[in-house]
Amino acid sequence: MPVRAMRVGVDSGGTFTDAVTAEGRVVKVLSTPADPGQAVRTGVGTVLGGARPAVLAHGTTVATNALLERRGSTVALVTTEGFADVLEIGRQDRPSLYDQWADRPEPLVARRHRLEVGGRLGPDGDELEPVEGGAVPAVPDGVASVAVCLLHADRDPAHEQAVAAVLRERGHDVTCSFEVSPQFREYERTVTTVVNAYLRPTCRAYLQALAGVAGEVLVMTSAGGLVPVVEGAELPARLLLARAAAGVAAAAAVAAANGFGDAVTFDMGGTSTDVCLVRDGRPEPAGDRSVGGHPVRLPSLDVHTIGAGGGSIARVDPGGALVVGPGSAGAVPGPACYGRGGTEATVTDADLVAGRLAEGVELPGIGPLDVNAARAALERAGVDAPGVLAVVEASMEQAVRTVSVARGVDPARLALVAFGGAGPLHACALAEALGMAAVVVPPRAGVLSAVGLLCGPRQADLVRTWPTPTDHAGLEVALGALATDVRRVLGADDDGVEVSTALDCRYAGQSHELRVPSVAAFADEHERRNGYARPDAPVEVIALRATAQRPAPLAVTDLAPVVRRPATGPAVVAEADCTIWVPEGWRAEPGEAGALVLRRVRS
């Protein structure tokens with residue numbers, strides 16, 4: 001059998017786990033929250049008829065859920081003398097400026113498990129005081145993983161390496177900051193290192209259990225590329241936004257095939273909605289993200305997530321306002337219309353009652369939806385379907401504004417690429433509200449994240465602190481050396497590998513950076529984002545970045561075509577993996593690469 005036919009992409013979601021093969025076969029099975037790997041194995045076995053794939057490309061939420069639900073391991077932190085409380089001090093910004101009850105999340109390391117060690121490096125990496133291996137403190141009993149983050153280790157890892165060697169000799173599982181996030185800013189680097197240590201025992205066990213499912217198992221990272229399962233198990237902090245990233249590249253490819261190089265991807269699943277800006281066919285990157293209130297300083301796509309999905313619960317709050325989410329009915333028991341014991345009103349129930357889902361429509365593994373149960377749930381909650389839909393769509397509209405208007409991009413020039421099980425039900429309403437050019441629904445939209453995994457590239461990312469922000473001498477040489485290093489990390493000597501470099505820059509005196517291809521490009525990007533430039537101000541270079549990608553043996557547009565037909569709204573277009581709502585005043589036409597392109601009908 002051809003190699004590409006033995007590839008399978010599997011996406012684990014909150015409600016469904018999706019599997020897609022290179023031949024275009026699709027299977028949706030109910031997720032198994034107690035053991036996510038069970039649904040993965042079921043999906044692979046079903047979609048391949050029991051055959052063992054050569055390659056499994058997997059997107060997992062195990063790391064994300066473990067962090068959000070605080071189900072990680074007990075961690076100790078070894079840090080420079082005087083810095084044990086960096087985790088608690090954090091930054092001066094508040095989670096919610098005007099909410100006096102809003103608190104930062106509790107640190108992942110208890111105060112008694114924060115240990116200090118002597119030795120000191122200066123900000124230039126020069127040693128001011130040596131670190132003594134014999135002075136490394138004993139780790140308390142009951143600790144499963146140790147994070148080591150010493151001052152200025154992004155400039156020179158020697159002290160961290162010495163401390164880690166002692167701890168590993170004692171039998172401890174150690175995560176060092178220079179291995180995870182070798183960048184300046186002590187608080188963010190410390191938190192990122194701790195998060196990795198916190199997640200590693202849980203994620204390592206999960207990923208090792210999947211290693212035998214295929215000849216080779218790859219996992220998606222937050223940056224939108226695949227890495228070997230062993231690497232993912234050692235650096236699970238890189239997987240926190242993996243599932244959100246998986247479908248973005250596939251959506252961008254379909255949008256570009258239909259003439260929309262600039263777009264916003266809109267992935268609405270059972271528990272959340274993810275949006276990402278795409279410019280010139282490339283998803284926007286980000287150098288750090290916040291997950292559960294914890295800053296994670298690792299390469300990722302600039303995906304913005306809100307707690308609004310098909311399973312989001314609608315209720316009336318104590319002030320009498322209608323609220324939707326972030327609580328979700330999930331896979332178990334699910335929305336009331338699933339008939340699996342759920343009683344609370346959800347967005348899916350509202351879609352069914354409003355007629356966006358055809359009455360009696362069947363979902364994989366669930367069967368026919370019960371419109372009477374949906375109506376009863378809405379009545380018990382004291383809400384109506386139009387109100388629920390208006391509130392959830394207002395939240396999603398704001399999310400799209402966050403990645404477009406707030407970044408200096410007019411949404412009227414963008415297409416909205418809708419996927420996920422619920423995305424095509426709400427896309428036209430968002431596009432209408434924002435005046436967007438069109439809605440693009442890719443083929444296999446309900447499982448597009450699994451398609452993105454199937455067609456995802458192998459990828460390696462490196463980042464290095466630049467030591468002299470205002471002195472750019474030797475910058476091009478350093479970028480070239482970093483590009484060589486990232487190619488070596490990927491293990492890529494062939495001509496099919498694409499290597500790109502970028503810089504994190506800012507004006508002197510600023511505390512935030514923008515990613516640009518060169519120093520010369522910074523002023524224009526700053527003006528686009530912020531509305532002004534400062535031509536006479538010195539530009540500081542903070543970090544250098546390099547990414548290497550080896551494309552998969554097949555592209556999104558290589559999958560077997562999906563037959564789609566025109567539709568004029570109001571119309572419900574039911575497909576095997578999703579349902580598309582075409583409102584009145586809209587028309588859907590088949591586009592390139594199997595997409596369905598929806599536009600307003602001119603009167």
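**Strands, turns and charges in a predicted model**

Me: Side-chain values use which atoms?
Reply: This is a predicted model, in which local features need pLDDT of at least 70, side-chain atom pairs count only at pLDDT 80 or more, and totals for chains, interfaces and linings use all residues. Residues are numbered from 1 along each chain as its sequence is written, and, with hydrogens and water left out, side-chain values use heavy atoms.

Me: Which residue of E10 is the bridge partner of Val-146?
Reply: Strands (E, at least two residues) and helices (H or I, at least four) are DSSP runs numbered from the N terminus, and two strands pair if DSSP finds at least two bridges between them. E9 runs parallel to strand E5 (residues 75-80), with five bridges, and there Val-146 is the partner of Ala-76. E9 also runs parallel to strand E10 (residues 174-176), with three bridges. In E10, the partner of Val-146 is Val-174.

Me: Which residues form the negative surface patch?
Reply: A patch is made of residues with over 30% relative accessible area and no salt bridge, like charges being joined within 9 Å and nonpolar side chains (Val, Leu, Ile, Met, Phe, Trp, Tyr) within 5 Å; a salt bridge is a side-chain nitrogen of Lys or Arg within 4 Å of a carboxyl oxygen of Asp or Glu. Lys and Arg count as positive and Asp and Glu as negative, while His and the chain ends are not counted; each charge is placed at NZ of Lys, CZ of Arg, CG of Asp or CD of Glu. One member, Glu-132, lies in the loop between strand E8 (127-129) and strand E9 (145-149). The patch consists of Glu-81, Glu-116, Glu-127, Glu-129 and Glu-132.

Me: Which residue stands opposite Leu-514?
Reply: Strand E28 (residues 498-507) is joined by ten bridges to the antiparallel strand E30 (residues 539-550). E28 also pairs in the antiparallel sense with strand E29 (residues 514-516), over three bridges. Six residues lie between the strands in the hairpin of E28 and E29, where Gly-509 takes a positive phi near 100°. Opposite Leu-514 in E29 stands Cys-505.

Me: What is the relative accessible area of Arg-444?
Reply: Arg-444 is found in the loop between strand E26 (438-441) and helix H13 (448-454). Phi of Arg-444 is positive, near 55°, in a residue other than glycine. Asp-280, also not a glycine, has a positive phi of about 55°, and counts as exposed because its relative accessibility is 68%. Arg-444, in turn, is buried because its relative accessible area is 9%.

Me: What is the omega of the cis peptide bond joining Gly-569 and Pro-570?
Reply: The bond from Gly-325 to Pro-326 is cis, with omega near 0°, and Pro-326 lies in strand E22 (residues 322-328). Pro-570 is found in the loop between strand E31 (567-568) and strand E32 (571-574). For the cis bond joining Gly-569 and Pro-570, omega is about 5°.

Conventions: Areas by Shrake-Rupley, 256 points an atom, 1.4 Å probe, with all protein chains shown as cover. Buried < 20%, exposed > 50% of the residue type's maximum accessible area, 1.4 Å probe, protein only.
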